[in-house]
Amino acid sequence: MAPNLFGTSATLFLEASQQNVHQGKSTAEKESNQTSSVQKSSSSKPKYQWQIVWRNVFAFLYVHTAAVYGFYLLFNGTRFYTFAWSMAIMVISALGITAGAHRLWAHRAYKARWPLRFFLMICQTIAFQNHIYEWVRDHRVHHKFTDTDADPHNAKRGFFFSHMGWLLVRKHPDVMNKGKTVDMSDLENDPIVVWQKRLYLLLMPLCTFIIPMWVPCYFWNEKPLNSWYVTMMRYAISLNFTWLVNSAAHIWGMKPYDKSISPVENKWVAILTAGEGWHNYHHVFPWDYKAGELGFYKMNWTTLFLDTCARFGLAYDMKTVPTDVIKKRSGRTGDGTWDHHNIEEARWGWGDKDMKADEVNEVEIINKIE
């Protein structure tokens with residue numbers, strides 16, 4: 001998800017379908033036309049026209065232009081501490097999205113004690129991708145109605161639309177209508193989510209821009225402009241990494257678990273998003289706290305963070321999927337690329353006591369010396 005920079009979405013323009021009714025027709029002809037009109041209207045929907053939100057266009061244009069200038073300033077007078085601080089903030093904000101808004105609140109893949117939930121709420125606020133309630137609502141609609149008009153970032157409309165274009169136009173009416181059918185009662189009863197939503201217009205500027213910019217200026221005398229533009233660079237990078245899950249992870253990759261859906265397994269997206277790129281698995285098993293089958297720590301350090309929290313009792317009731325269930329599902333609907341390593345068949349080399357007789361007998365030895 002990403003921020004709606006200026007208010008809530010308004011109703012989209014719809015292209016009204018018009019019918020020409022000619023005078024002088026017989027009653028039978030009119031009745032026939034009325035019948036065909038009813039059938040036609042029931043089988044087709046009004047055409048959807050994009051209505052560009054120009055304020056968002058100019059806002060994102062500024063964010064990305066400022067990010068480019070911030071990158072330039074990194075090599076022209078910006079202190080290294082400022083760069084390190086911005087990268088640390090980016091990592092923390094990523095956890096707010098991956099471990100917080102996504103796996104905890106959107107999918108309820110695990111439960112968390114209030115200190116962890118509060119920490120993740122602050123991290124999610126730093127990310128500035130709308131407050132938790134709106135982020136979760138859009139994401140649940142995305143999963144429930146993937147690749148339809150009700151999907152906020154429908155990948156069938158192309159890479160740019162699913163990446164950021166969906167934030168530059170008014171939402172399709174189906175997004176709003178279907179969004180009303182998604183159960184959000186759990187968030188409405190979550191005091192931390194409610195508190196953040198109520199104070200978001202105060203918390204977001206402080207956490208996203210003001211404090212991250214102020215720290216370098218106060219503690220190591222960074223130039224205010226340098227600090228500001230590097231902050232904008234960090235924010236733009238964070239947004240685009242998240243957007244890759246909606247775009248690239250629906251286009252380029254394999255579909256070992258379900259070949260009938262657009263989400264794919266994309267290693268590079270997983271690396272850039274702290275483990276959110278195993279998207280084909282995630283859409284098939286959205287309740288798995290790892291958001292991937294194997295949960296490699298190197299490519300899924302959100303899972304490492306959650307496993308560490310679990311050791312300290314901060315995260316619990318962590319849901320995952322048994323291997324046999326995954327194997328059956330991939331065999332039934334996957335594209336044939338699923339390959340799970342069977343540790344029972346592993347051997348350390350020649351002479352392993354677990355080697356079977358036929359394995360020993362079938363070995364071919366080259367240049368053997370008696």
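Biologist: Which residues does F305 touch, leaving aside residues up to four places away in sequence?

Modeller: In this predicted model, F305 touches L95, A99, L116, F119 and L120.

Biologist: Which residues touch the most other members of the largest nonpolar core?

Modeller: That core has 31 residues, and F305 is one of those that touch the most other members, along with W105, Y110, L116, L120, L187. At least two residues of the core come from each of α3, α4, α5 (132–144), α9 and α14 (301–311). Helix α3 gives the largest share, seven residues. Another core, of 24 residues, lies apart from it and includes A66, L73, V169 and M232.

Biologist: Where in α10 does a kink lie?

Modeller: The kink, of about 40°, is at I210, shortly before the proline P212. Just after the helix, N221 has a positive phi of about 55°.

Biologist: Why do residues three or four places apart in an α-helix point the same way?

Modeller: An α-helix has 3.6 residues a turn, so residues at that spacing point the same way. In α10, the buried residues are Y200, L203, M204, C207, T208, F209, P212, V215, P216 and W220.

Biologist: Which helices do the buried residues of α10 pack against?

Modeller: They pack against α3 (80–106), α4 (114–127), α9 (191–198) and α11 (224–246).

Methods
Residues are numbered from 1 along each chain as its sequence is written. This is a predicted model: local features need pLDDT of at least 70, side-chain atom pairs count only at pLDDT 80 or more; totals for chains, interfaces and linings use all residues. Side-chain values use heavy atoms; hydrogens and water are left out. The bend at a residue is the angle between axes fitted to the seven residues ending there and the seven starting there. Helices (H or I, at least four residues) and strands (E, at least two) are DSSP runs, numbered from the N terminus. Buried means under 20% relative accessible area, exposed over 50%, partly exposed in between (1.4 Å probe, protein chains only). Contact means heavy atoms within 4.5 Å. A nonpolar core is a set of buried Ala, Val, Leu, Ile, Met, Phe, Trp, Tyr and Cys residues joined through side-chain atoms within 4.5 Å.
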